[in-house]
Amino acid sequence: MFENGFPQSLVEEEKVVSALISKATYRNIPRGKSEDHCKWLLLEGETICFPRRIYYLDDYDAIKDGLSPIQQFIYHCIFSRSNDGFIRQRHIREILSGDIPSWAMPYIVKVCDEYVMEILEDVYAALKDCDNAQLHQICERNWPTFLRSHDRMISYWNEFYRDRCYHYKDYVGRSLFAECFGYTRSMEKLRHKTGEGESQALDAPLLKLKITSPAFKEGGWIPLEYTARGGNISPKLHITGVDKRAVSLAITMDDASHPLFSNYNHWVIWNVPVQEWVPAALPAGNCIPALPGAVQGMAYGRQKYKGPKPPLKSIHTYTFTVYALDCELSLPSTGRRKDLFQQIEGHILQKATLSGKFQSWRKQEKYRCIRTGPSQGWNMTKDTGMGRFGAKTGDASIKLYRRK
């Protein structure tokens, strides 16, 4: 199952370990490991190739007594690729607790180009006072792959940890890659000279990918019809500058001003086809005719868009985020934002955001109200409405006209 991830001399040991790994998967994901792999050339001349992510459940405590020390070490390497950050951290600590063979070093480097800062701190604490000559050699020999890992480490610092460590020079990842893995600027010169190892960091593509909406400008007021106080329909989105390698898009809409939950998720959708426009008023459910293959997950809106609805008089900021991915996701429609982030780790090519604000009782313009007769609710038109007129009447509707 993972025989390509280890030297030929350990194939039989790997078979023993693979036979004992539980075939149950996280949230019953159909496949137990990702289709894309990491390839490294070892110092001995052999090549290993292991999956970027596995989704099998960790049963180490139940089977460890039946494994030899080398089989336990193989198990730790396999589960350092787990989709669960806590499981990755547990097994990478076990790898670091003793002597590290050269064939296990790619697993250590790989786990450090991901988004769990605590793992980077553990690895740096374990390696900073060691002789890392072999680790330097293997990173230098695989410099295109290593530079991509370096780029990813920087991008996750920029995305998730800049609020905790504003200056990159103070970030643990910088010290880890330079002191323990042997990163140097001369490697960057090799990249520019040969054209290999093209950067996959989020920093460069961030300026190219762009998301806008004809409904509102960046930082502007979100019209009432796109909020839960009004029509509660999703706005039309314009996405430009998508990388040629992108296979699908994922989109989230979060309340960045929620007083209790950071970035409270209102809407999450993935496997969106790579196209310039995402139409407005997407229907509820995981089957969207206008976006074949797209899946809406569970958020404040249950498999649908749920517009802004802050407490009265509060001004909240809402952020639409689009991710360009190099794959399609096998996430069930019951998946949430956190599940999306776990699956797209390692697959993000680009990212862009669009922010707007909304206040439930904000008077955007002056209107006069005219009762128009029985109906199912308010009769409203685009760019009209005060936030206070966002509730249904039940037996009559009011049409709002701009005061002359």
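Helices here are DSSP runs of H or I with at least four residues, and strands are runs of E with at least two, numbered from the N terminus. The model is predicted, so local features need pLDDT of at least 70 and side-chain atom pairs count only at pLDDT 80 or more, while totals for chains, interfaces and linings use all residues. Residues are numbered from 1 along each chain as its sequence is written, and side-chain values use heavy atoms, with hydrogens and water left out.

**Stop 1: helix 3**

Select residues 69–79, which make up helix 3. Eight of the 11 residues in helix 3 are buried (under 20% relative accessible area; exposed is over 50%, partly exposed in between; 1.4 Å probe, protein chains only). Among the buried ones are Gln71, His76 and Cys77. Show next what covers them, including helix 1 (11–20), helix 2 (60–63), helix 4 (85–96) and helix 5 (105–111).

Now pick Ile78. Apart from neighbours within four places in sequence, Ile78 is in contact (heavy atoms within 4.5 Å) with Phe2, Phe6, Val17, Ile21 and Ile54.

**Stop 2: aromatic pairs**

The whole structure holds 21 aromatic pairs. Rings of Phe, Tyr and Trp (its six-membered ring) pair if their centres lie within 6.5 Å; planes under 30 degrees apart count as stacked, over 60 as edge-to-face and the rest as tilted. Select Tyr75 and Phe79: their ring centres are 4.5 Å apart and the planes are at 20°, so this pair is stacked. The two residues are four apart in helix 3, about one helical turn. Tyr75 is buried at 1% relative accessible area, and Phe79 is buried at 0%.

Move to Phe146 and Phe177, another stacked pair, with centres 5.6 Å apart and planes at 20°. Phe146 belongs to helix 8 (residues 143–161) and Phe177 to helix 9 (residues 172–180), so the pair ties together parts 31 residues apart in sequence. Both Phe146 and Phe177 are buried.

**Stop 3**

Select Tyr115, Tyr156, Trp157, Phe160, Tyr161, Tyr168 and Tyr171, which form one aromatic cluster.

**Stop 4: the cores**

A nonpolar core is a set of buried Ala, Val, Leu, Ile, Met, Phe, Trp, Tyr and Cys residues joined through side-chain atoms within 4.5 Å. The largest has 61 residues, and Ile78 and Tyr171 are among those touching the most other members. Helix 8 gives the most to this core, eight residues. Finish at a second, separate core of 30 residues, including Phe216, Trp267, Tyr318 and Ala324.
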